[in-house]
Each structure stands twice: as C-alpha cells, then as structure tokens.
Amino acid sequence: MAALAVATAKPVKARYGIVATISSVTVADNSTHKTEDKVGETFSLAGLKLIATLSDYSVEEIDTTQVTLSSTHNRPLTKYDSYVTVKY
C-alpha cells in the first residue's frame, strides 16, 4: 500500500507545489544489508533499504546511491566504530 502512495503522491506534490521535509529515517523491514562487520572490513551500503517519513506523513524509499557516509567510515573499521553516519 505504501508503494502505491509513494508512486501517486509525487506528481500531486509537484503539481501543487507541496514541499515536504524528512521527519525521520528508518531501516526497511525487508532490508538485506549486513548487520555486523568485523575489524578491518569497510562498511558497505549493499542491500541497505532506508525509508524516509516526510513531514506530510508520506513515506518513500531513499535511493542509497544518493547517500554518503561520514568520512570516518571510508576506511577499514576498528573495534571502536559502533555506528555509521549517513547523509542524504
């Protein structure tokens, strides 16, 4: 049902000049990303599906090719790395 809402909402928003901002970002239930990394590995977005909830209560999947990682994670991970910061 959400996919239908996303597909039909965008043309309506554009037509009427509705601007919505991202309120929250969550990992999709069907995301197949790796949830544990080992020391020395590099974090990967492969399989990660992120969902944005917008200020107008609509939802849309975030295109992970448009996501950038914080510069501290573009290197092999250490035992002190416990989170990743993404920007969209």
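Residues are numbered from 1 along each chain as its sequence is written, and side-chain values use heavy atoms, with hydrogens and water left out. In this predicted model local features need pLDDT of at least 70 and side-chain atom pairs count only at pLDDT 80 or more, while totals for chains, interfaces and linings use all residues.

Ile22, Val25 and Tyr88 make a nonpolar surface patch of about 290 Å². Patches are made of residues with over 30% relative accessible area and no salt bridge, with nonpolar side chains (Val, Leu, Ile, Met, Phe, Trp, Tyr) joined within 5 Å and like charges within 9 Å. Tyr88 lies in the segment after strand 5 (86-87); strands are DSSP runs of E, at least two residues, numbered from the N terminus. Tyr88 counts as exposed because its relative accessibility is 53%, where exposed means over 50% and buried under 20% (1.4 Å probe, protein chains only).

Ser31 sits in the loop between strand 1 (22-27) and strand 2 (50-54). With a relative accessibility of 16%, Ser31 counts as buried. Leaving aside residues up to four places away in sequence, Ser31 touches Gly47, Leu48 and Lys49 (contact means heavy atoms within 4.5 Å). Toward Gly47, the Ser31 side chain reaches the backbone oxygen at 3.2 Å.

The loop between strand 2 and strand 3 (59-62) holds Tyr57. Tyr57 is not a glycine, yet has a positive phi of about 70 degrees. Its relative accessibility is 76%, so Tyr57 counts as exposed.

Conventions. Areas by Shrake-Rupley, 256 points an atom, 1.4 Å probe, with all protein chains shown as cover. Salt bridge = Lys/Arg side-chain N within 4 Å of Asp/Glu carboxyl O. Helix = DSSP H or I, 4+ residues; strand = E, 2+ residues; numbered from the N terminus. Polar contact = N/O pair within 3.5 Å; in protein donor to acceptor, adjacent residues only side chain to side chain.
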